[in-house]
Amino acid sequence: MRRTLNFSRVVMTICLCIAGKLLSAGNLSDRNNKFTEKKLNLIQEWDKTFPENDKVRHSKVTFYNRYGITLAADLYIPKNAEGKLPAIAISGPFGAVKEQSSGLYAQTLAERGFLTIAFDPSYTGESGGEPRYVASPDINTEDFSAAVDYLANRDDVDTDRIGILGICGWGGMALNAAAIDTRIKATVTVTMYDMSRVNANGYNDIMDADARYELRKQLNAQRTEDYRNGSYTLAGGVIDPLPDDAPQFVKEYYDYYKTERGYHKRSLNSNDGWNKTSSLSFINMPILSYSDEIRSAVLMIHGEKAHSRYFSEDAFKKLKGDNKGLLIIPGANHVDLYDNLQVIPFDKIEQFFNNNLK
C-alpha cells in the first residue's frame, strides 16, 4: 500500500515538473509574441482634398491591428487643447482614403475640441497589408478597434471618452465594431452602407439565391484566374468616362471621386478599385447580426435623397435603447455628406459626442 502511494506521489511530482516546464516554455513564447509595427513611408506634405485648418495641429501617426497590419492615420488636435481630451476615430467612405472625406470630418471635429484620427483601412492608402486593395468584414471591423487601442494608450486621451465615426461602407463597420467593442462609448454613422447586404442582395435587394449562386461562380472563377496569373484583378473604380445614361447616384460618385472636388491618387474609387474577389467574404458574413446588442449611444445620419437611405433606416430599426437616433438631412444625396459643409450637420454631431462622451 505504501509502495503504491509513494509511486503515485512520484508520478504526480513528475507530471507537475513537466507541466511547469511547459508553462515556462509557453510564457517564453508569449514574451516573444510581441506586436511590431512595420515602418511605412508616409507623405509628410499636405495632400488632402480640403484646406488645412490653422486652429488644429496635424501630424502623421501609425498603429497596428490584431492581425499585425500597420495602419497609417492623420492625427488632429485642437491647438488650444489642455489635459485629457475626448477622442474620435474616423474612416470611410468605402474605397476612399484619409485625405478625402474622413480627414475633413476629423479636422472639423478637432477644431470643435476633440482629438481625432482619420485612418486608412488595412490594405489601402498609406496603411500596410498585402495583397493590396482587399476588403474584409472582419479585418476592417478590427481596424476600428485597433484605432481605439491606439487612442486608449495616448496620454492626452480620456480612455472613457472614445467614440468612432464611419462614413458610407465604414458606417456599417462602425456599427459592427460598436457591437463588439465595449470601449466605444458613442458611434456616428454617416450615409451608411451595409456592405454585406449590398454584396449579397444587390441594390434594393433585387438578387435572389440563384443570382447569388451565379455571382459566387463568377467570383470563384476569378480566384482561379488570379492564382494562375499570380496577381489580383481589380474591379475598377468609379466608371470613367461617365456614360450619358449612368444612374444618378453614379453621376454623384463621379462628381466626387473623379473631379478636382474629391479626386485623390491613392483613392481606390478615384482609380482602379478593389480586388474583384473582395466581395466573396461579405456575401456570407453579415456584419450587422448583433447590432441590436449595442448598448452605447448611436447616431445614424443619412441624406433624404440618397439612393442608400434604406440601409440606415433598416439598420436603425434593429437598434435598441433610448440612446439611439436617426437624422435624415432634407434634400441631401449620398455624396453631399462626404464634403458639403453646408449640409453635414457638424453641430448635431458635436452635440451628440459631447453628450455621450462624458
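Phe 346, Ile 349, Phe 352 and Phe 353 are the buried residues to look for in helix α11, residues 346-356. Buried here means under 20% relative accessible area, with a 1.4 Å probe and protein chains only. They span an arc of only 125 degrees around the axis, so they sit on the same side of α11; the arc is taken from the directions that run from the helix axis to the C-beta atoms. Among the elements covering them are β3 (85-91), α2 (101-111), β5 (157-167), β6 (186-190) and β7 (297-303).

A word on where this comes from: the model is predicted, local features need pLDDT of at least 70, side-chain atom pairs count only at pLDDT 80 or more, and totals for chains, interfaces and linings use all residues. Residues are numbered from 1 along each chain as its sequence is written, and side-chain values use heavy atoms, with hydrogens and water left out.

Zooming out, the protein chain has 11 helices and 8 strands; these are DSSP runs numbered from the N terminus, helices being H or I with at least four residues and strands E with at least two. Of its 358 residues, 50% count as buried. The C-alpha atoms fill a box of roughly 95 × 55 × 45 Å along the principal axes.

Next, a helix pair. Helix α3 (residues 137-152) packs against helix α4 (residues 169-180) at an angle of about 70 degrees, their axes 8 Å apart. Axes are lines fitted to C-alpha atoms over the stretch in contact, and angles run from 0 to 180 degrees between N-to-C directions. That makes the two helices, α3 and α4, roughly perpendicular, a label for 65 to 115 degrees. On the α3 side, the contact (heavy atoms within 4.5 Å) is made by Pro 137, Asn 140, Thr 141 and Phe 144.

| Residue | Place | Relative accessibility |

What does the side chain of Glu 142 have 2.7 Å from one of its polar atoms? That would be the backbone nitrogen of Arg 66. Leaving aside neighbours within four places in sequence, Glu 142 touches Asn 65, Arg 66 and Tyr 67.

As for Leu 268, its C-alpha atom is 6.1 Å from that of Ala 96, although the two are 172 residues apart along the chain. Beyond four places in sequence, the contacts of Leu 268 include Gly 95, Thr 124 and Trp 274.

Definitions and conventions. Parallel < 35°, antiparallel > 145°, perpendicular 65-115°, else oblique. Polar contact = N/O pair within 3.5 Å; in protein donor to acceptor, adjacent residues only side chain to side chain.
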